[in-house]
Amino acid sequence: PLFRSCVFRKVFDVDAQQSDVFHHLFLPLIDDLLRGKNGLLFAYGITGSGKTYTMIGNTGNGGMLPRSLDTIFNSIGNLQAERYVFKPDKQNGMNIQNEFQAKMEQQRNKAAASQKQDCPDFIRVPDTTKVEGLDEDNVYAVFITFVEVYNNYVYDLLEETDPDEIHQKAPQSKNLREDQSRNMYVSGVNEYEVKSTEEAYELLWRGQQRRRVAQTQLNHESSRSHSVFTIRLVQAPVDATGARVLNEKHCVTISQLSLVDLAGSERAARTRTHGGKLREAGNINAALMVLRQCMETLRDNQTNGTSRIVPYRDSKLTHIFKNYFDGEGKVRMIVCISPSADEYDESLVCEIHTFPTRFDT
């Protein structure tokens, strides 16, 4: 049927503030992250619906991402580990380095840091929200990855490139693998440790410069990919003096929160795409349809006690999040609806009909 009822867990009206959305939807995910639990949030909306404003915000009113990062760093405060104490092991885990190893790592990374492209000044009003009750016998570190799913291939948006444009190689797609605990991860991506919201935002900005966009009839810069910005929080206990992290890998806890910026589904007749753009649009729509099927199956299994197989392997977008569709971690979606009467049909067809009738996974 053309019309059907949809049930949302929460609907924010036109007077809702960014802080209202953050405290209702994002703060519980941040609380879980800080306590060692995983979370996943999908952000969806057609062009002009306010998705970018919701996630990034503006100078005087930060969006969900900077508020989330502020809250994380406010909460861990002086419990942050020294930089390079933790080092990704390239297999979705973390190694613990001693003081000498950390200093050597710092020296190796100094030269690379000096060559990075400068990020525009990030002027904003910081969020002061803080999660209390963290384990003060632990130290914490924050790591960032940023990838995109384009034409059903996964690419690292933070991959280092040759500054010589003439000799630059085409980006190489990344493979999905399972670690020893059967957790899915993107193999071979760059993972960066950050010590502040500003450092994390610089990585976001760098990645956004490389994300694939194109001009369509509806948008001058329309996303041609789905992007995944992942915050990984590492925590481990310290010795009795509080000066050294216990070098016992089994004591390390890693949790993550993935924020997925979904490209909007498109109707070719309205965007007037053709050729390569039409193929891109087809892949966008196909991934969104698989996501819908996965969410519907997951909800049916949880509600009715069934054990239907969730078809997450049908798309790279959903395969990355296999563990969530297996029932591990909390999944949320925020849907931005355009208030424009001209976009009513587009919102109905491309948003409401793309996903399940209930958004309370």
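Author: Strands β12 and β13 run antiparallel, with nine bridges joining them; two strands pair if DSSP finds at least two bridges between them. Helices (H or I, at least four residues) and strands (E, at least two) are DSSP runs, numbered from the N terminus. One of the bridged positions is Val234, whose partner in β13 is Ile254. β13 also pairs with β2, and here the strands run parallel, with five bridges. Phe42 stands opposite Val260 of β13.

Before going further, a word on what you're looking at: this is a predicted model, where local features need pLDDT of at least 70 and side-chain atom pairs count only at pLDDT 80 or more, while totals for chains, interfaces and linings use all residues. Residues are numbered from 1 along each chain as its sequence is written, and side-chain values use heavy atoms, with hydrogens and water left out.

Back to β13: seven of its nine residues are buried, so the strand is largely enclosed by the rest of the structure. Buried here means under 20% relative accessible area, exposed over 50%, and partly exposed in between (1.4 Å probe, protein chains only).

That brings us to the cores. A nonpolar core is a set of buried Ala, Val, Leu, Ile, Met, Phe, Trp, Tyr and Cys residues joined through side-chain atoms within 4.5 Å. The largest one has 40 residues, and Phe26, Leu34, Leu41, Leu65, Val142 and Ile231 have the most contacts inside it. Elements that each supply at least two residues of this core include β2 (39-45), β5, β12 and β13 (253-261), along with helices α1 (18-34), α3 (64-76) and α5 (197-210). The largest share, nine residues, comes from α1. Take Phe26: leaving out residues up to four places away in sequence, Phe26 touches Val21, Leu41, Met55, Met64, Ser68 and Leu259, where contact means heavy atoms within 4.5 Å. There is also a second, separate core of 31 residues, and Phe42 is among its members, as are Val154, Met295 and Leu317.

Now for the rings. Rings of Phe, Tyr and Trp (its six-membered ring) pair if their centres lie within 6.5 Å; planes under 30 degrees apart count as stacked, over 60 as edge-to-face and the rest as tilted. That rule gives four aromatic pairs. One of them is Phe146 with Phe229, an edge-to-face pair at 5.4 Å centre to centre with 75° between the planes. This pair links distant parts of the chain, since Phe146 sits in β5 and Phe229 in β12 (residues 226-237), 83 residues apart. Tyr150 and Tyr155 make a tilted pair, because their centres are 6.5 Å apart and their planes at 55°. Tyr150 is buried too, at 13%, and so is Tyr155, at 14%. Phe42 turns up again here, forming one aromatic cluster with Phe321 and Tyr324.

Last stop, Thr145, which belongs to β5 (residues 138-150). Thr145 counts as buried because its relative accessibility is 13%. Setting aside neighbours within four places in sequence, Thr145 is in contact with Val228, Phe229 and Thr230, and also with Leu158, Val189, Asn190 and Glu191.
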